[in-house]
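Let us walk through this structure step by step. Keep the 3D view open as you read.

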Protein chains: 2
Amino acid sequence: MAGRGGVSTGVNLGALRSHNTALVLDLLRTAGPAGISRLELAERTGLTPQAVSKITARLRLDGLAAEAGRRASTGGKPRTVLRLVPEAGHAVGLHLDRDELTAVLCDLTGAVVAERRAPLDLGAGAETVVEGAAREVETLLAGSLKAGRGLGVGVALPGPLDHAAGVLHRVTGFPEWNGFPLRDVLARRLDTAVVMDKDTNAAALGVAVREPHAQTGASFAYLHLGTGLGAGLVLGGSVHRGARTGAGEFGHQVIQLDGPLCECGNRGCVEVLCLAAVGRGDVDGAARVLGAAAANLVALLDIDEVLLGGRTVAAHEEAFVRGVGAVLDERARRAGADRAVPVRAAPGGARGVAEGAAQLLLGPLFGLVARPMGGI
Amino acid sequence: MAGRGGVSTGVNLGALRSHNTALVLDLLRTAGPAGISRLELAERTGLTPQAVSKITARLRLDGLAAEAGRRASTGGKPRTVLRLVPEAGHAVGLHLDRDELTAVLCDLTGAVVAERRAPLDLGAGAETVVEGAAREVETLLAGSLKAGRGLGVGVALPGPLDHAAGVLHRVTGFPEWNGFPLRDVLARRLDTAVVMDKDTNAAALGVAVREPHAQTGASFAYLHLGTGLGAGLVLGGSVHRGARTGAGEFGHQVIQLDGPLCECGNRGCVEVLCLAAVGRGDVDGAARVLGAAAANLVALLDIDEVLLGGRTVAAHEEAFVRGVGAVLDERARRAGADRAVPVRAAPGGARGVAEGAAQLLLGPLFGLVARPMGGI
DNA sequence: CCACTTAAGCAACGCTGTTGCCAAAGTGCA
DNA sequence: TGCACTTTGGCAACAGCGTTGCTTAAGTGG
């Protein structure tokens with residue numbers, strides 16, 4: 001309770017219409033190629049069948065939806081199945097990692113229709129990186145001619161940054177990026193809408209969209225262990241970023257007050273403990289440390305699921321999933337919970353961040369709205 | 001991004017109307033006795049002045065709003081000021097603590113118009129407690145005759161519990177409460193609407209409503225240190241409870257992996273470290289430990305403000321505020337933040353929880369909707 | 001006294017989802 | 001094959017929302 005769940009502004013008929021339209025589009029999307037009938041849409045939205053008929057008629061007119069066969073009859077006229085037309089729109093997801101660039105072109109369903117990878121040096125200077133990234137995007141788009149309109153480019157990169165302003169802060173190891181307005185620069189260069197976010201948030205968003213069960217307001221954490229350790233938090237169905245896009249600072253959670261000194265200046269951060277264990281080949285120890293911090297997070301936020309990703313995890317996937325899961329099991333059992341929170345490797349793999357970045361633009365179409373500080 | 005910010009259901013004209021009405025009511029409430037003019041309402045809501053005129057006309061007809069003088073002219077007809085009529089509705093807030101009961105009667109603005117306190121033994125058995133609480137509520141209501149309609153009773157008590165189902169879990173120290181459907185029992189007994197929540201969540205809600213600046217989607221944490229340690233989290237303007245009302249489990253955050261054994265079975269929980277320090281008279285030490293855990297929370301969630309409450313804090317308010325603030329300052333400086341997150345004692349004092357409990361019912365009137373798993 | 005400015009309501013309007021009704025398209029039994 | 005029945009889905013009329021255009025109320029300032 002508390003919080004108008006978002007909308008802090010008045011709603012007129014136009015807003016009402018686009019809300020309901022987005023809602024229907026979202027149901028069409030989650031229904032996938034199997035499609036969904038008008039009456040099911042009416043049930044799920046709570047709108048009258050007639051209202052759904054009107055909305056879907058508009059969508060078909062706009063080319064966003066199409067009829068796709070019919071269901072078996074249950075004694076009367078069989079239901080007509082509708083589906084989303086994936087080609088009606090496209091978005092680019094751009095993942096700028098420390099040493100590599102990944103760009104994907106996604107259709108409306110979020111499926112990747114084209115992909116490019118290239119080496120990248122984030123330290124090469126802003127102009128060089130922007131120009132290189134812009135060219136990659138252009139060749140990606142040129143390579144695959146599209147009928148549907150382009151929605152823009154979503155950029156995901158290591159934080160800290162301000163996603164609302166589209167400005168980078170002191171990217172660890174690359175001080176020259178501090179204050180660079182990447183979003184606006186790239187938007188001018190490519191002449192499209194550009195949205196920016198932290199890589200961990202993009203990954204979490206990608207998972208949230210991909211997993212139908214995770215959409216109804218569930219909470220999960222995406223923990224990314226690569227050269228550093230960070231988290232993307234989805235709380236109550238939406239990515240929680242905080243007012244300064246600072247949420248998800250998971251690596252420097254202190255779990256051992258008198259532990260070893262971390263480069264951040266604190267003692268006993270998860271990151272330093274975890275990476276030290278990995279460094280000496282003690283993967284199980286690293287997993288246990290990660291598990292302890294994850295258990296804190298799960299308890300604090302009542303998380304439904306923990307997803308692990310990142311290169312270090314990928315290198316020892318089973319060991320990490322098992323190790324983290326064991327700690328969570330132990331803590332859950334002690335707390336008297338019915339069942340422990342499930343842990344698994346994040347789907348999507350190395351491409352997951354780029355796909356999530358594309359969702360930064362696809363999301364709003366389906367009512368998954370950008371919420372700089374509170375959302376719609 | 002991701003998450004439709006709440007509404008996962010279709011919106012028709014009725015819903016639109018009540019949304020806008022609630023929005024206007026909320027602005028009237030936050031404006032306080034000073035009131036607000038129609039044109040200001042139009043600006044803040046984004047609606048046309050004419051729409052605001054219609055909405056406020058309805059509210060005045062329903063007795064919820066009234067004209068209250070006029071502003072100074074700026075060269076033309078002066079603006080008419082509108083204000084909320086506090087007496088138009090009332091809600092009861094009931095705080096069941098381990099050894100004491102507090103019941104308050106609040107008007108629409110959340111102001112306390114009547115209050116009762118009584119000793120309570122949570123271990124006396126469910127029926128005894130329910131009957132005692134019901135009688136307190138009845139005498140509270142009988143003592144102050146009300147014109148406006150009663151909205152119901154909000155109950156706040158120590159967790160764990162399920163606020164959506166209105167059922168208690170294993171309340172620490174009182175196993176007989178496990179599974180007791182307190183909300184429904186009390187609702188039948190009193191024949192009113194009853195809403196239930198954890199005491200920490202109620203306290204956080206109370207603060208969120210009271211502080212105007214905290215409403216626009218800000219995030220803050222209410223840390224309660226009494227016989228135990230818990231937290232109420234307001235993220236992006238709404239109380240975050242999690243699917244099982246488990247969020248806010250702050251006391252058993254592990255911050256010292258090899259620390260002393262806690263009664264929960266883990267080692268190095270904040271609670272055991274903090275209470276041990278308090279026990280040996282080391283308030284500063286307790287504050288530092290609390291600060292370390294608070295700093296973790298602030299970093300993880302990008303919290304805007306930390307509020308401290310509870311008996312133990314109240315006994316050494318300055319020391320705790322200073323000690324926690326010092327740790328947060330230190331961590332913020334190391335992280336290179338512009339300014340540290342402010343820390344202060346929670347307003348409302350001992351009555352804060354009961355007032356927040358009343359807000360469980362007042363909130364929905366103003367569009368601060370219950371969100372079992374996602375909200376409006 | 002008069003021109004001007006600002007606030008607020010009335011009336012007509014466009015658009016939303018809703019309601020009432022009917023045509024279309026099946027099933028199942030005689 | 002025919003007919004009664006069920007279910008789907010669109011057409012038409014409708015109520016209600018906020019919006020637009022205009023008028024009236026109520027001030028200021030020269």
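By class, the surface near DNA strand D has nine nonpolar, 14 polar and six charged residues. Keep in mind that this is a predicted model. Of the 29 residues around DNA strand D, five come nearest: A:Ser53, A:Gly76, A:Lys77, A:Thr80 and B:Thr48. From chain A come helix 2 (38-45) and helix 3 (49-61), and from chain B helix 1 (13-31) and helix 3 (49-61), each with at least two residues.

Now stay with helix 1 of chain B. Helix 1 lies across strand 1, strand 2 and strand 3 of chain B. Its direction is about 95° to strand 3. These three strands form an open sheet in the order 1-3-2, with antiparallel pairing. Strand 1 (36-37) and strand 2 (65-70) of chain B have a single partner strand each, so they stand at the edges, with one side lacking a neighbour in the sheet. Strand 1 of chain B is joined to strand 3 (residues 80-84) by two bridges. In this sheet, B:Ser37 stands opposite B:Val81 of strand 3.

Helix 7 (residues 270-279) and helix 8 (residues 283-301) of chain B pack at an angle of about 165°. Their axes are 7 Å apart. Because of that angle, helix 7 of chain B is roughly antiparallel to helix 8 of chain B. Their crossing is left-handed. Residues making the contact include B:Leu273 and B:Ala277 of helix 7, and B:Val289 and B:Leu290 of helix 8. By class, this contact has ten nonpolar residues, one polar and no charged ones.

Notes
Residues are numbered from 1 along each chain as its sequence is written. Chains are lettered from A and ligands numbered from 1 in the order in which they are written. This is a predicted model: local features need pLDDT of at least 70, side-chain atom pairs count only at pLDDT 80 or more; totals for chains, interfaces and linings use all residues. A residue is near a molecule or strand if its C-beta atom, placed from the backbone, lies within 6 Å of it. Helices (H or I, at least four residues) and strands (E, at least two) are DSSP runs, numbered from the N terminus. Ala, Val, Leu, Ile, Met, Phe, Trp, Tyr, Cys and Pro count as nonpolar, Asp, Glu, Lys and Arg as charged, and the others, Gly among them, as polar. Axes are lines fitted to C-alpha atoms, for helices over the stretch in contact, and angles run from 0 to 180 degrees between N-to-C directions. Angles under 35 degrees count as roughly parallel, over 145 as roughly antiparallel, 65 to 115 as roughly perpendicular and the rest as oblique. A crossing is left-handed if the near helix is turned anticlockwise from the far one by less than a right angle, and right-handed if clockwise. Two residues are in contact if their C-beta atoms, placed from the backbone, lie within 7 Å. Two strands pair if DSSP finds at least two bridges between them.
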